[in-house]
Amino acid sequence: MRTIRTRVIKVDPVNPDVGLLRSVAEVIRSGGLVVFPTETVYGLGANAYDAKAVIKIFKAKERPIDNPLIVHINSINQLVNLTSEQPEEMFIIAKKFWPGPITVVLPKSKRVPKEVTAGLPTIAVRMPAHPVALKLIELSGVPIAAPSANLSGKPSPTTSEHVIRDMYGRVDIIIDAGETLFGVESTIIDLTHRPPVLLRPGAIPVEEIEKVLNIEIKIPAFARGLIEAEKALAPGLKYKHYAPEKALILIESSNYSNYEEYARKVMNITQDYIKKGLRVVILASKETSGYYMSKGFKVITLGSRRNIFEVAKNLFKILRIIDEMNVDMAICEGFEEKGLGLAIMNRLRKASGYNIIKV
Ligand code: TXA
Ligand code: MG
């Protein structure tokens with residue numbers, strides 16, 4: 001399905017050229033598809049009120065039509081139009097975190113086409129904190145429905161190269177604004193339940209949201225990436241996700257702080273695969289990569305355990321790199337499920353296809 005003539009437009013991420021974005025907004029308004037940057041990952045957008053345009057998103061991504069989209073807004077007024085109820089928590093979250101990488105799920109209004117929410121009575125909404133995204137929504141004059149701009153099943157795109165690889169020939173415009181900031185998607189909170197439920201851990205740690213709401217948020221096992229989600233709760237979570245073509249094995253531990261001991265266990269497992277004749281790369285933290293290198297293992301460094309932000313930012317890029325490497329499989333270190341670590345482990349468990357070894 002590579003038939004559309006795609007225009008790639010370079011835009012400054014901080015001071016976008018408004019004239020250029022005006023012409024892009026025109027494409028949104030006339031029912032076209034536009035890939036645009038957000039602070040998390042690139043999104044594949046269309047006018048949220050145009051059912052025909054929204055259907056094109058699913059085709060371009062090869063996304064199952066029962067997996068609903070996130071709608072991006074630039075004003076609370078748009079949120080009120082998209083939803084039929086606005087609980088107090090929503091305003092608290094909006095005030096504290098928006099624009100920013102947190103998505104709220106609320107009852108939808110009648111105006112929203114069923115294609116956007118895959119027939120669900122609820123809608124996921126967020127106000128992105130990227131100057132290009134905000135300006136584009138403003139100039140379009142409509143909310144923009146946008147999933148991550150990857151082909152379904154692939155890691156979300158954090159650079160324009162990823163987007164061009166997946167979406168060239170499938171969309172009208174790709175805005176190239178360099179690398180995204182966070183590298184993992186937004187945190188999704190379902191506000192239709194009491195207490196609120198975490199549907200997907202993301203760029204904003206759940207602990208921070210709990211502090212602001214002064215309430216304990218429910219974290220179901222699927223949000224940790226431990227089991228598949230129930231269809232009714234978070235449909236998108238039940239599909240193959242973030243996965244490289246090559247096999248990925250995740251080595252989890254209840255204690256990562258004794259670096260040397262953990263690294264020794266990872267090396268033993270890796271050695272077993274190498275003995276079977278497989279070429280293996282280890283995806284490691286900065287703290288342990290030296291051990292592996294000194295023993296002659298092939299290593300990619302994800303980032304430091306002491307700066308987990310770095311690991312999140314590099315994660316999807318590195319999951320894509322594995323497929324281009326001269327290896328048969330990857331063995332990946334685990335991370336503590338604290339702060340951004342929860343989002344990282346959710347993505348890694350899914351990317352591994354639940355191929356997890358506990359040490
Ligand atoms: O950071 C992000 O959230 C990025 C950028 C582009 O904004 N977007 C993104 O969208 O990650 P996507 O489609 O890749 O993930 C959206 C997730 C899916 O898992 C979907 O099932 C869930 O949101 N979702 C959407 N609407 C929902 C709803 N009404 N109820 C429950 N889950 C919903
Ligand atoms: Mg996605």
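Colleague: Is Phe309 buried, partly exposed or exposed in this predicted model?

Modeller: In this predicted model, the relative accessible area of Phe309 is 30%. Buried means under 20% and exposed means over 50%, with partly exposed in between, so Phe309 counts as partly exposed.

Colleague: How many aromatic pairs does a search of the whole structure find, and how are the planes of Phe182 and Phe309 arranged?

Modeller: The search of the whole structure finds 2 aromatic pairs. In the pair of Phe182 and Phe309, the ring centres lie 5.7 Å apart and the planes meet at 70°; because planes over 60 degrees apart count as edge-to-face, this pair is edge-to-face.

Colleague: How many residues apart are Phe182 and Phe309?

Modeller: Phe182 lies in the loop between strand S8 (173–176) and strand S9 (187–190), while Phe309 belongs to helix H11 (residues 308–324). The pair therefore links distant parts of the chain, and the two are 127 residues apart.

Colleague: Which residues form an edge-to-face aromatic pair with 90° between the planes, and is Tyr262 buried or exposed?

Modeller: The rings of this pair are 5.0 Å apart, centre to centre, and belong to Tyr256 and Tyr262. Tyr256 has a relative accessible area of 10% and is buried; for Tyr262 the value is 3%, so Tyr262 is buried.

Conventions:
Residues are numbered from 1 along each chain as its sequence is written. Chains are lettered from A and ligands numbered from 1 in the order in which they are written. This is a predicted model: local features need pLDDT of at least 70, side-chain atom pairs count only at pLDDT 80 or more; totals for chains, interfaces and linings use all residues. Side-chain values use heavy atoms; hydrogens and water are left out. Rings of Phe, Tyr and Trp (its six-membered ring) pair if their centres lie within 6.5 Å; planes under 30 degrees apart count as stacked, over 60 as edge-to-face and the rest as tilted. Helices (H or I, at least four residues) and strands (E, at least two) are DSSP runs, numbered from the N terminus. Buried means under 20% relative accessible area, exposed over 50%, partly exposed in between (1.4 Å probe, protein chains only).
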